[in-house]
Amino acid sequence: MTTTEIKTNDRTTTEATTVRANPATPRLNFAKTAPKVFRAVIGLDAAAREGLDPALVELVQIRASHLNRCAYCLHMHTTDARKAGESEDRLHMVAVWQEADHFFSDRERSALALTDAVTRIGDAGVPDEVYARAAAHFDEEELAHLLALIFTINTWNRIALSTAKRAGTDER
């Protein structure tokens with residue numbers, strides 16, 4: 001593992017970089033081993049998406065998967081976004097959305113900022129200005145669903161990474 005110190009907004013954080021290797025032995029199939037838990041996460045995922053724009057859903061899932069370095073989910077959601085008509089330009093810009101903000105609407109940028117804050121919640125919590133920005137673009141029910149979507153993709157990322165799901169297999 002290597003570490004890099006990064007200075008942002010008058011605070012220093014340490015970013016750990018790890019190299020993930022494919023496990024030598026197969027890991028458990030979470031869906032088969034814990035089917036009730038797996039179905040519960042699927043239920044949360046389905047409920048979270050209700051009332052949200054499907055394109056926004058994919059952007060949020062792609063962004064969280066970038067941050068969590070989950071190749072399995074990143075491949076799955078970029079594939080789904082392409083099938084839904086998302087442009088290659090926007091897909092490439094999700095990882096650097098702050099620097100390429102003209103590719104995204106104000107509403108999308110507020111959702112991406114909230115995704116960043118919730119996914120990296122251990123860094124600084126969810127700053128008031130990030131929450132307020134999202135609340136200005138989403139009514140309370142939409143905001144609750146957006147938060148639930150962010151919680152859910154972070155859960156999916158952790159399941160995929162912990163069980164060593166392989167990118168490109170899209171085993172659902």
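Phe30, Phe38 and Trp156 form one aromatic cluster in this predicted model. Rings of Phe, Tyr and Trp (the six-membered ring of Trp) are paired if their centres lie within 6.5 Å; planes under 30 degrees apart count as stacked, over 60 as edge-to-face and the rest as tilted. This rule gives 2 aromatic pairs. One joins phenylalanine 38 and tryptophan 156; their ring centres are 5.3 Å apart and their planes stand at 70°, so the pair is edge-to-face. Phenylalanine 38 belongs to helix H2 (residues 35–49) and tryptophan 156 to helix H9 (residues 140–162), so the pair ties together parts that are 118 residues apart in sequence. Helices are DSSP runs of H or I with at least four residues, numbered from the N terminus. Both phenylalanine 38 and tryptophan 156 are buried (under 20% relative accessible area, with a 1.4 Å probe and protein chains only).

Threonine 78 sits in helix H4 (residues 71–83). Threonine 78 is buried, at a relative accessible area of 12%. Leaving aside residues up to four places away in sequence, threonine 78 touches Ile62 and Leu91 (contact means heavy atoms within 4.5 Å). The side chain of threonine 78 also reaches the backbone oxygen of histidine 75, at 3.2 Å. Histidine 92 is 14 residues from threonine 78 along the chain, and their C-alpha atoms are separated by 9.5 Å.

Residues are numbered from 1 along each chain as its sequence is written, and side-chain values use heavy atoms, without hydrogens and water. As the model is predicted, local features need pLDDT of at least 70 and side-chain atom pairs count only at pLDDT 80 or more, while totals for chains, interfaces and linings use all residues.

Terms used: Helices (H or I, at least four residues) and strands (E, at least two) are DSSP runs, numbered from the N terminus. Buried means under 20% relative accessible area, exposed over 50%, partly exposed in between (1.4 Å probe, protein chains only). A polar contact is a pair of N or O atoms within 3.5 Å; within protein, one must be able to donate a hydrogen and the other to accept it, and residues adjacent in sequence count only if both atoms are side-chain atoms.
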